[in-house]
Amino acid sequence: MSVKRIAFISLALFVGAVASAQIASPVVKTDFAERQKTVGNKEYFSVFDKKLTPEQRQALEVLYAYMPLPDMADNSGDFFLENVDYSLKARKEMPWGSKVPDREFRHFVLPVRINNEYLDGYRKVFYEELKDRVKNLSMKDAILEINHWCHEKATYQPSDGRTHSPLATVYTAIGRCGEESTFTVAALRSMGIPARQIYTPRWAHTDDNHAWVEAWADGKWYFLGACEPEPVLNLGWFNAPASRGMMMNTRVPGNYDGPEEVLSRPAGYTDINVTSNYAPVDTITVTVLNS
């Protein structure tokens, strides 16, 4: 083998290593080190003592840097490692996996938690059931097909007295909008498609709230009604109400640095404003003259 070819292979391996290293950005590395210091108990981080690939280690660093402390205490490292493995599996095996940027993968595919649901092993179950159904589709068509699958599994039933996990929604075949959107986001993430739960705290025309889903495809976010399949994206019964909504927002796991307006940064999350995806927006400045 020539010296020139050896140099080329070495350069290719170096570029590949640099690319994969971006799963855990420098900010994540810093936040993870601070989390280890703050938590203190090394047993919570025992999964890092396993023999891990660089990708596994970086993905786990993302999760452990930002997950709520009860999630860390209530679930084993093997639970999170399985989620990491299936996230990486979807990224490798799905035709759109290489198209998803590291930032979108880090914040909208990799996280296990979506809202305040009980954490369960949905990712492996959903991946095994959905992979053959969508593997030959485009990314947009896969989003539509996954929503059809979610509609087959669950129907709407209102209740403020329960918060189903994704698998519980399948088992019971019911869910309110928050549960159905959590379920649909979980299914999309299981297939390596960035997804997030969108929430409006109050409609402009009625004293009520609603939650639905946004999914990322080919560089753009699209919305859909969870378990409410339509023939195209950006279509739902709530199009008109959303165009008059006062606020649409989503909570992003981690220290997110995307283009959307940041509303707040509570511990482990970034709350962002996505109202401009649904209606023209402007900024109103309020000056308080007398407190």
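Reply:

Glu152 has its place in helix H8, which covers residues 139-153 (helices, H or I with at least four residues, and strands, E with at least two, are DSSP runs numbered from the N terminus). The model is a predicted one, in which local features need pLDDT of at least 70 and side-chain atom pairs count only at pLDDT 80 or more, while totals for chains, interfaces and linings use all residues. Residues are numbered from 1 along each chain as its sequence is written, and side-chain values use heavy atoms, with hydrogens and water left out.

Glu152 counts as exposed, because its relative accessible area is 51% (buried is under 20%, exposed over 50% and partly exposed in between, with a 1.4 Å probe and protein chains only). Glu152 also belongs, together with Arg133 and Glu145, to a network of salt bridges (a side-chain nitrogen of Lys or Arg within 4 Å of a carboxyl oxygen of Asp or Glu).

A cavity is a set of points on a 1 Å grid over the protein atoms alone where a 1.4 Å probe fits but cannot get out, and its lining residues have an atom within 4 Å of a point. The structure has 2 cavities of 30 Å³ or more (points are joined across faces, edges and corners, and a volume is the space filled by probe spheres set on them). The second largest cavity has a volume of about 40 Å³, and its lining includes Leu144, Asn147, Phe223, Leu224 and Glu228. The elements that give two or more residues to this lining are H8 and strand E5, residues 220-224.

The largest cavity holds about 180 Å³ of space. Of the 17 residues in its lining, Leu63, Tyr66, Met67, Pro111 and Pro253 lie nearest its centre, and the elements that give two or more residues are helix H3 (54-66) and helix H6 (102-108). H3 contributes the most to the lining of the largest cavity, with 3 residues.

Asp271 is buried, because its relative accessible area is 11%, whereas Arg251, at 43%, counts as partly exposed.

The side chains of Glu260 and Arg196 form another salt bridge, at 3.1 Å from N to O. This pair links distant parts of the chain, 64 residues apart, with Glu260 in the loop between E6 and strand E7 (261-264) and Arg196 in strand E3. Both Glu260 and Arg196 are buried. A further salt bridge joins the side chains of Arg176 and Glu179, at 3.4 Å from N to O, and here, too, Arg176 and Glu179 are both buried. Glu152, with which this account began, is by contrast exposed.

Conventions: 1 Å grid on protein atoms, 1.4 Å probe; cavity = no way out; pocket = protein on both sides within 12 Å on 5 of 7 lines; lining within 4 Å.
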